[in-house]
Amino acid sequence: MKKKRSFRHKFTEALELPAEVMEGTPRVTLLGTNDLLVENQQGIYEYYDKGLRLSTSCGILSIEGKDLELRELSQERVYVAGEIRGLWFENQ
Amino acid sequence: MGLWNSLSGYVIIQIKGLGLERFINAAAAQGIVLQNLKRQKDGSLQARVNVEDFYALHRMRRELRGEIHILQKRGLIMRLSRLRHRKVLLYGWVLILLVLFIASRYLWFVDIQGCSNISETEILEILAGQGVAPGVNRSTIRLNSLAEAIRVADSRVSWAGASMQGVILRVRIEESQEIPAYDEDETPANIVAAKDGLIRSIVAINGREQVEAGKVVRAGELLISGALTRDGYETMYVRAKGTVIAEVTYVFTATVGPKLVTYVKTGETQDYTEISLFGWSFTGFEADYKAYTVELRKRVLLTGCFLPLFVSEYRCFALEKVLEAASEAELIEAALAEAEAKMLAALPKDARILSKSSSTELLADGTVRASIVVTTEEDIGYRVPIQ
């Protein structure tokens, strides 16, 4: 497993291909403190109005805030709106 | 996206149950897009989904150990679907749109501009001769040939243009300017002053100028001489021609009072009814009195009628002239009006008014005298044959 990931990573780097396309790496775009777009997410782990936990290839992405709303939820991306106070990866 | 959803329709749903995250993950994996997903205080989820995705979501409800409720239905499609039960309203709208569409294919109004000496009725008659009148199909109107036809039909029209603006035909004409008649008479003549004035400019086309700008002349004074003299040569007599522009001052007075002529009602009346559509009356009326005034008593719109047909009731009051005592203000107004009327009648049409002032005076006998002093600029030349 490690070798495969390592080869894929090296291949992506060598050809300078976007990592989120080749490896499914999550892309997190934060605009100010109110809008957050997460691409390449693998599903909602937990959702409540003060927090959201998303499953990604890099682990569980935790988002903490207030009045969080999922403006758009589709197969690969989620658009979060609300008062975002912080986000982190729980286990990598 | 929001605009598309508003047109195609969407529903706001509430999802209740256990394992809501698993359910929405499964929905997202099916390609269902959930928008504005928000956790409620009771633990349920509220979301917005378009109509197609809702049906797909509904088919998945077995995976949810709970319920899906529709809270609101929104969008143009939803509003239109409610009209299924109001067929008369729907057909009414369709009928109105159809009537408007058909009506817009025809000409309904003709607007003519530029008429001064030529009456609008004459232009309308020319248009009617070309088959253009309210009610004809717009596609049959050829604007270029119409303008040409107007110009050819009446020699007083120097230019004509026509354009269509919706259901209005706008016709604009320019009337021909009168060409001054060529003076073929070669009888020797002088040009003298027709009235007193201060010469502003003098231009002699034929003959010799006798005065210059800035000089005050009296009526009858020689301005342009038709007798051309030169030392050693016989005097030659020509017909003097030219323009002499001078400043002329006029004074107009009028005295009125102490009573003024006014019209009072005699008490005799005559009633009549008028039916009109878009301001055009279908019924005529002629009063039996020499002087009268008309008052509108009642106007009713005929309801249930597609077109705005009005029925109006009028009362005609007979009037007679009487002399009544008037206030000073009324006398002043009447005196000034009379002096103004004298001024308009006396001034030449080509005179340009430079200044105008008026004054009034209350006389001992109760009358009011108004004076208007006008200074104009005009051609004072007057041709007199040489004897």
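Across the interface of chain B and chain A, eight residue pairs are found in polar contact, both residues of each pair being at pLDDT 80 or more, and the model in which they occur is a predicted one. The elements of chain B that give two or more residues to the side touching chain A are helix H2 (20-29) and strand E2 (34-39), of which E2(B) gives the most, with six residues. By residue class, this side of chain B divides into eight nonpolar, four polar and three charged residues.

In terms of extent, the contact draws 15 residues from chain B and 16 residues from chain A. The two chains bury about 1300 Å² between them, and 51% of this area lies on carbon and sulfur atoms.

Strand pairing also links the two chains. Strand E5 (residues 59-73) of chain A is joined to E2(B) by four bridges, and the two strands run antiparallel. Within this pairing, Glu72(A) stands opposite Gln35(B), a residue of E2(B). Strands of a sheet pair in general through backbone hydrogen bonds, in either a parallel or an antiparallel manner.

Chain A itself contains two helices and six strands, which follow one another from the N terminus in the order α-α-β-β-β-β-β-β. Of the 92 residues in chain A, 34% are buried. Among the contacts in chain A between residues at least 6 apart in sequence, 40% join residues that are at least 24 apart.

Within chain B, a further arrangement of strands was identified. Four strands form an open sheet in the order E17-E16-E19-E18, with antiparallel pairing. Strand E17 (280-281) and strand E18 (292-301) of chain B stand at the edges of this sheet, and each has a single partner strand, so that one side of each is left without a neighbour in the sheet. For the edge strand E18(B), the pairing with strand E19 (residues 309-325) of chain B comprises nine bridges, and these two strands run antiparallel. One of the positions in this pairing is Val294(B), whose bridge partner in E19(B) is Cys316(B).

Technical notes: Residues are numbered from 1 along each chain as its sequence is written. Chains are lettered from A and ligands numbered from 1 in the order in which they are written. This is a predicted model: local features need pLDDT of at least 70, side-chain atom pairs count only at pLDDT 80 or more; totals for chains, interfaces and linings use all residues. Side-chain values use heavy atoms; hydrogens and water are left out. Contact means heavy atoms within 4.5 Å. Buried area is the accessible area (1.4 Å probe) that two parts lose on being put together, summed over both. A polar contact is a pair of N or O atoms within 3.5 Å; within protein, one must be able to donate a hydrogen and the other to accept it, and residues adjacent in sequence count only if both atoms are side-chain atoms. Ala, Val, Leu, Ile, Met, Phe, Trp, Tyr, Cys and Pro count as nonpolar, Asp, Glu, Lys and Arg as charged, and the others, Gly among them, as polar. Two strands pair if DSSP finds at least two bridges between them. Buried means under 20% relative accessible area, exposed over 50%, partly exposed in between (1.4 Å probe, protein chains only).
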